[in-house]
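Keep the viewer open as you read.

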Amino acid sequence: MPATAAEAELTVVTGAPANGGSCVAHHEGRVVFVRYALPGERVRVRVTADRGSYWHAEVVEVIDASGDRTDSLCPIAGVGAAGCCDLAFAAPEAARALKAQVVANQLQRLGGFDWSGADAGAEQLSASGPTGWRTRVRLEVGPDHRPGFHRYHSDALVTDLRCAQLSHGMLDGLAESLANNVSTADLPPAAQLHVALDDDGRRHVVRTVRHGGRTATKVVEGGYEAVQRVGGRSWRVPVTAFWQAHRDAVRVYTNLVAEWAQPGAGMQVWDLYGGAGVFAAALADAVGRSGRVLTVDTSRASTRAARVALADLPQVNVVTDSVRRALTSQRSGADVAVLDPPRAGAGREVIDILAAAEVRRVVHIGCEAASFARDIGLYRERGYAVEKVRVFDAFPLTHHAECVALLTRAQR
């Protein structure tokens, strides 16, 4: 073996799934994280990164295939192709089982918690299948002024836009729309195209370009804001702002948050990393005019949408700030907190504040298994008990999952 293993090829047998979409294998005492493999397969792989004590590799040839391997459900994904659907080669039920195993492993290792629900696999958000679920997508523009998806860990783009995640027809006619509405000068390399299908069935396409520290925005098709509806209430959310990509995610999560948070009349509730305030709306209805809901997010676009959509709810206070700063300025605690942080999780400082404020009931949502598990461990260190955990296959065809936990703490 050369001094550096990068580009070397070897044959391994894969073991358990690892967080991040790989399977664990071993070669001459070294751990190898293999992408595009399933547990129990004998595969020939090419090493793509040498990290000293471990390597990253990708499959070159499947010698002995798992019974869970299937023809790719995404025509543009795979080794050397687009990085959009990195589990498109796994049977959907097998992919859901792998995701649950990964979450269970992370919860045990990083959170010190044994989750009993792993055997059931990650839950489907809808019965419509693993394809056609995405209603928002961001594309990047290449040197040829054409939009595309990134190859895995690469600046190179795949300009075939037939990703299987996308709602049917979502990108049909995009090239013509671009040709009719923007010049090539308006599509410089590294520009981004944000595409959204809203709840009125309209498509919106917005181009953004970074100039120094500022972002220039241009509406290519539709409008800058997309109409989204949840529970009889409407939001106008900028196409460039965060909204759940899965068409059924907001409904499922909102119902679960309302059930687990158990908000009641007069309660004080914190909706943290609250985005456009969808959870805040449901919580505000439950606490009534005598209660109070604080919803916090750093995104000006999202909190602006929240203020407009929730203007008829005086019990809701929308704050544009970091969660840590916003909570530090609060003079009193809360009965319930709902957290939906970004991939990095909430972290020690925020969880310390919740514990110091004696928040008795927490609903915590996480879209990255390791940071979710780490946060669960931090709660447990501060006296919280994990009452329930559910894992959703919110990103079919990929290794990602959404995790939700209910944590409670006895009042001191």
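**Cavities and salt bridges**

Pro92, Arg96, Gln124, Leu125, Ser126, Gly129, Pro130, His246, Asp393 and Pro396 line the second largest cavity. Please bear in mind that this is a predicted model. The volume of this second largest cavity is about 80 Å³, and its lining is made up of 4 nonpolar, 4 polar and 2 charged residues.

How many cavities of 30 Å³ or more does a search of the whole structure find? There are 4, and the largest cavity has a volume of about 230 Å³. It is lined by 22 residues, of which Ala18, Gly20, Gly21, Val102 and His399 are the closest to its centre. By class, the lining of the largest cavity holds 13 nonpolar, 6 polar and 3 charged residues. Where does the largest cavity lie? Residues of both domain 1 (5-69) and domain 2 (100-127 + 247-408) contribute to its lining, so the largest cavity lies between these domains.

Now let's turn to the charged side chains. Side chains of opposite charge can pair when their charged atoms come close. Across the whole structure, the search finds 20 salt bridges. One of them joins the side chains of Glu41 and Arg69, at 2.8 Å from N to O. Glu41 sits in the loop between β3 (30-35) and β4 (42-50), while Arg69 sits in the loop between β5 (54-64) and α1 (92-111), so this pair ties together parts that are 28 residues apart in sequence.

With a relative accessibility of 31%, Arg360 counts as partly exposed.

Arg382 and Glu381 form another salt bridge, with 3.2 Å between the closest N and O atoms. Arg382 is buried at 15% relative accessible area, but Glu381 is exposed at 59%. Finally, have a look at Glu9, Arg44, Arg46 and Glu61, which a network of salt bridges links together.

Technical notes: Residues are numbered from 1 along each chain as its sequence is written. This is a predicted model: local features need pLDDT of at least 70, side-chain atom pairs count only at pLDDT 80 or more; totals for chains, interfaces and linings use all residues. Side-chain values use heavy atoms; hydrogens and water are left out. A salt bridge is a side-chain nitrogen of Lys or Arg within 4 Å of a carboxyl oxygen of Asp or Glu. Helices (H or I, at least four residues) and strands (E, at least two) are DSSP runs, numbered from the N terminus. Buried means under 20% relative accessible area, exposed over 50%, partly exposed in between (1.4 Å probe, protein chains only). On a 1 Å grid over the protein atoms alone, a cavity is a set of points where a 1.4 Å probe fits but cannot get out, and a pocket is an open set with protein on both sides within 12 Å along at least five of seven lines; lining residues have an atom within 4 Å of a point. Grid points are joined across faces, edges and corners, and a volume is the space filled by probe spheres set on the points. Ala, Val, Leu, Ile, Met, Phe, Trp, Tyr, Cys and Pro count as nonpolar, Asp, Glu, Lys and Arg as charged, and the others, Gly among them, as polar. Domain bounds come from an automatic or database domain assignment.
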